[in-house]
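Please consult the structure below before reading the points.

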Amino acid sequence: MTRLITGADVFVEGRLRPLDVVIDGEHIAGLVNRGTGPSDAEVIDGTGRIAIPGGVDVHVHTREPGYTHKEDLITCTRQAAAGGYTTIFGMPNLDPPTMTTDDLDAVLDLYAAKSIVDYNHNPAAKLLDQISPMAEQGIAAYKIYMVVDTGRSYPHPAAIGVHDHGDLYQAMQAVAETGLRLMVHPHDQAIMDVVEQAYWAAGDRSPQAYGKTLAVGDGIIWDTATALLIRLAEATGCKLHIVHVQTTRQIEMLRQARAKGIDVTGEVNHWALFLGRMSDIDEQGSYVLSYYVPDHHREAVWAAMEEGVVDMLSSDHAPHTREEKEIGWTDAWAAHTGTPGIQYQLPLMIDAMHQGRISLPRLVDLVATAPARVFGLDRKGTLAPGSDADIVLVDTEREWTITNDSVLSKIGWTPYDGRTIRGAVDRTLVRGTDVWVDGEVVGEPGHGKHATPTRER
Ligand SMILES: [Zn+2]
């Protein structure tokens with residue numbers, strides 16, 4: 001079937017152009033001058049919209065299997081479709097945690113049956129003898145959590161935590177041999193342990209105390225871990241991806257590592273940009289924790305995104321129920337941490353563009369082009385002939401208010417409830433097929449395909 005997107009300004013080679021997009025089946029067949037597309041094509045009217053490549057979100061907590069009271073692969077990928085994400089990578093903190101070839105097989109089967117958008121999955125690089133075999137199953141990356149929760153058993157269970165330096169060194173050696181990239185949640189567990197003990201001894205388990213614990217010493221818990229990881233990457237040749245970039249020193253470390261030729265990439269998550277102020281924590285408590293990001297760090301993160309030191313924006317979409325958050329008012333260490341975001345991250349970024357925080361070329365690169373490039377998905381992330389027809393039509397001017405009622409997750413809440421923003425996703429296509437049109441999810445579970453790296457490693 002041939003489809004034709006007409007009238008939109010199409011983001012091609014770094015800028016918007018008045019072109020029509022010809023879609024042949026699952027692929028983009030051509031970008032042609034307005035009105036010169038095939039006359040027998042099914043027309044999609046993109047007048048007044050911009051067309052950008054579908055987002056590639058490499059950091060999504062789908063919760064299935066194991067935590068489907070929070071979310072499942074259908075509700076998760078419905079939100080992806082609504083939010084302009086056409087490919088997601090799931091994370092391994094599931095039950096069972098994804099650590100073996102069998103675990104990975106089982107998870108990939110679930111996606112194949114349920115996912116509305118294209119997908120991959122990042123297994124934990126925890127069991128050394130499983131690392132190399134899992135590379136043969138079409139994954140694009142591995143994940144390591146340097147954090148293990150205290151006071152709760154989720155979302156960072158001990159089963160997949162790795163923070164011993166020797167263990168990290170061996171895991172990175174093993175991942176280096178696969179040629180794939182290792183995503184790491186940087187965290188200095190030893191410093192966290194002593195700092196939180198001090199708050200607990202004083203009887204303070206508030207959300208504010210939790211935020212200040214994580215941000216202690218202007219960010220040493222993240223900074224020391226990031227420095228260690230970059231040094232280990234240099235020593236082992238392991239390609240490294242730092243998740244949760246949120247401090248000035250992490251940004252400087254990324255810059256310096258690249259200058260030395262160390263292959264390290266970094267991602268920012270929505271909560272570091274749009275939440276995470278102490279005033280947010282005062283108002284919403286554990287609902288916005290993730291982390292406390294002091295203002296000078298947030299400003300540096302925005303600048304690093306525009307400059308390109310930060311490579312990509314991932315949602316770190318992390319749904320939890322109200323009950324799992326409410327307990328945080330009395331004991332923030334017992335509340336499950338993380339914030340949902342995949343449904344609203346792209347519109348929030350468009351709004352930020354209007355406010356001069358980010359340019360459109362950098363926005364598209366952060367959300368789509370860079371993650372596809374870094375993780376080897378050569379048919380994703382750009383609008384070009386031969387690419388998958390993963391296309392998002394954005395109304396950059398529409399003003400609307402995010403509400404809990406609009407949430408497509410099982411949890412029924414968003415930390416952005418009540419925010420009025422300018423910029424909305426009108427339509428999302430995954431390989432030429434509509435999955436979101438004018439406020440309705442129209443994609444079918446099972447439409448998503450395994451997006452395997454196409455590049456030689
Ligand atoms: Zn995460």
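The points that follow are grouped by topic.

The structure is a predicted model, in which local features need pLDDT of at least 70, side-chain atom pairs count only at pLDDT 80 or more, and totals for chains, interfaces and linings use all residues. Residues are numbered from 1 along each chain as its sequence is written, and side-chain values use heavy atoms, with hydrogens and water left out.

**Overall fold**

- The secondary structure of the chain amounts to 14 helices and 18 strands; helices (H or I, at least four residues) and strands (E, at least two) are DSSP runs numbered from the N terminus.
- The radius of gyration is 21 Å, close to the 23 Å that the globule rule gives for 457 residues, so the chain is as compact as a globular protein of that length. This radius is taken over C-alpha atoms, and the globule rule is 2.2 Å times the number of residues to the power 0.38.
- The C-alpha trace spans about 70 × 45 × 40 Å along its principal axes.
- Of the 457 residues, 63% count as buried. Buried means under 20% relative accessible area, exposed means over 50%, and partly exposed lies in between (1.4 Å probe, protein chains only).
- Among contacts between residues at least 6 apart in sequence, 75% join residues at least 24 apart; a contact means heavy atoms within 4.5 Å.

**Surface and charge**

- The chain exposes about 15,500 Å², of which carbon and sulfur atoms supply 49%. Accessible areas come from the Shrake-Rupley method with a 1.4 Å probe, and for residues only the protein chains shown count as cover.
- There are 39 positive and 63 negative side chains, and the centres of the two sets lie 3 Å apart. Lys and Arg count as positive and Asp and Glu as negative, while His and the chain ends are not counted; the place of a charge is taken as NZ of Lys, CZ of Arg, CG of Asp or CD of Glu.

**Zinc site**

- The zinc ion has H59 (NE2), H61 (NE2) and D316 (OD) as its protein donors, lying 2.1 to 2.2 Å from it. Donors are N, O and S atoms within 2.8 Å of the metal (3.2 Å for Na, K and Ca); water is not among the atoms, so sites may look incomplete.
- Along the chain, the donors follow the spacing H-x1-H-x254-D. H59 lies in strand β7 (residues 55–60) and D316 in the loop between β14 (312–314) and α12 (322–326), so the pair ties together parts that are 257 residues apart in sequence.
- Both H59 and D316 are buried.

**Backbone geometry**

- Most residues other than glycine have a negative phi, and most peptide bonds are trans.
- A cis peptide bond joins E64 and P65, with omega about 5°; P65 lies in the loop between β7 and α1 (73–82).
- Another cis peptide bond joins D95 and P96, with omega about 5°; P96 is in the loop between β8 (85–90) and α2 (101–114).
- D218, which is not a glycine, has a positive phi of about 60°. D218 is placed in helix α7 (residues 216–236) and is partly exposed, with a relative accessible area of 28%.
- H244 also has a positive phi, near 60°. H244 sits in the loop between β12 (239–242) and α8 (248–259) and is buried, with a relative accessible area of 3%.

- F375 is placed in the loop between α14 (360–374) and β15 and is buried, at 3% relative accessible area. Leaving aside neighbours within four places in sequence, F375 is in contact with residues including V58, F89, H241, M312 and P453. The C-alpha atoms of F375 and P453 are separated by 6.7 Å, although the two residues are 78 apart along the chain.
- T414 lies in the loop between β15 (391–401) and β16 (420–430) and is buried, at 5% relative accessible area. Not counting residues up to four places away in sequence, T414 touches Y344, I402, T403, N404 and V407.
- V43 belongs to strand β5 (residues 42–45). V43 and R3 are 40 residues apart in sequence and 5.9 Å apart in space, C-alpha to C-alpha.
- Q208 is found in helix α6 (residues 207–214) and counts as partly exposed, at 22% relative accessibility. Not counting residues up to four places away in sequence, Q208 touches M278, I281 and D282.
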